[in-house]
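Please read these notes with the model open beside you. The points are numbered so that you can check each one in turn.

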Amino acid sequence: MKNLLRDRFLLPVIGLVVAIILWSFGVSLLEQKTPIASLFAPAPTAQAFVELVSGSDIWLHVYLSLKRVVVGLAFAFLIGVPLGILVATSKAFAHSSTPLFQLLRMISPLSWMPLAVMVLGVGDAPVYFLLAFAAVWPIMLNTIAGVMHLDPNWLMLARSLSATRSELILRVILPGITAHILTGVRLAIGIIWIVLVPAEMLGVSAGLGYFILDTRDRLAYSELMAAIILIGMLGYMLDYAARYAHARWSHVKQREFG
């Protein structure tokens, strides 16, 4: 019990305290050359954070950012899972598409920003494109890995029972690779959250990325730092929710087969 309390509560608190001390020390060093750096210190940031989350304005930005995350993730899921299954089940498609996919995967999503605006205009559409492009690869690759790790006997049994291709995919493959898909979704959420802020600096009038730019333009540096902390906390909660969903699904499956 003591080890559990230490690992789950005491050590994380110690890590955060050390990080705050290093943060304060770094600001004090910068402050000697750049006095305005004092606005980034922990104390003014904490005060700005309380004021920020107590107001209503920031939560509109949070809502819009989360909506874009959900939409981008949904597009990535609807594209990545079918593509992953197709690559894993069709050798011809895999050989013809893998070099292209590997090439596209290595391109930074943010490098598409000028083209996205040119083609889709300003607003939410280019943001959705950038988020979906960033998230599709971990979902697709984990889907491929899941199909590759399926027991071949399952597929042989389904085919011997004259299962159609759609029945094979819906009743054998998809249930068998759900854990891998959830892992891909968790990785995709992390990538989307990183890409979100710079993507929202792209011609939108609200959202966390827009708010960061707005605080910079207003020289509200303590508020800017508070917004950065809030972005980190929200990202942590999203990742925790994804890990919790994965753990719950794995626990249910263990009970079913246990």
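1. R243 and D239 both belong to helix α11 (residues 221-257), where they sit 4 residues apart, about one turn of the helix; helices here are DSSP runs of H or I with at least four residues, numbered from the N terminus. The two side chains form a salt bridge whose closest N and O atoms are 2.9 Å apart, a salt bridge being a side-chain nitrogen of Lys or Arg within 4 Å of a carboxyl oxygen of Asp or Glu. R243 is partly exposed at a relative accessible area of 30%, and D239 is partly exposed at 23%, where buried means under 20%, exposed over 50% and partly exposed in between, with a 1.4 Å probe and protein chains only.

2. Please keep in mind that this is a predicted model, in which local features need pLDDT of at least 70 and side-chain atom pairs count only at pLDDT 80 or more, while totals for chains, interfaces and linings use all residues. Residues are numbered from 1 along each chain as its sequence is written, and side-chain values use heavy atoms, with hydrogens and water left out.

3. The structure holds 8 salt bridges, and one of them joins R68 to D124, with the closest N and O atoms 2.9 Å apart. This pair links distant parts of the chain, since R68 lies in helix α3 and D124 in helix α6, 56 residues apart. R68 is buried at 4%, whereas D124 is partly exposed at 25%. K67, R68, D124 and E200 are linked in a network of salt bridges.

4. How do helix α3 and helix α6 pack, and at what angle? Helix α3 (residues 57-89) and helix α6 (residues 124-148) pack at about 35°, with their axes 6 Å apart; axes are lines fitted to C-alpha atoms over the stretch in contact, and angles run from 0 to 180 degrees between N-to-C directions.

5. There are 7 aromatic pairs in the structure, a pair being rings of Phe, Tyr or Trp (its six-membered ring) with centres within 6.5 Å, called stacked if the planes are under 30 degrees apart, edge-to-face if over 60 and tilted otherwise. The rings of F101 and W137 have centres 6.0 Å apart and planes at 55°, so this pair is tilted. F101 lies in helix α4 (residues 91-105) and W137 in helix α6, so the pair ties together parts that are 36 residues apart in sequence. F101 is buried at 14% relative accessibility, and W137 is buried at 9%.

Methods:
Helix = DSSP H or I, 4+ residues; strand = E, 2+ residues; numbered from the N terminus.
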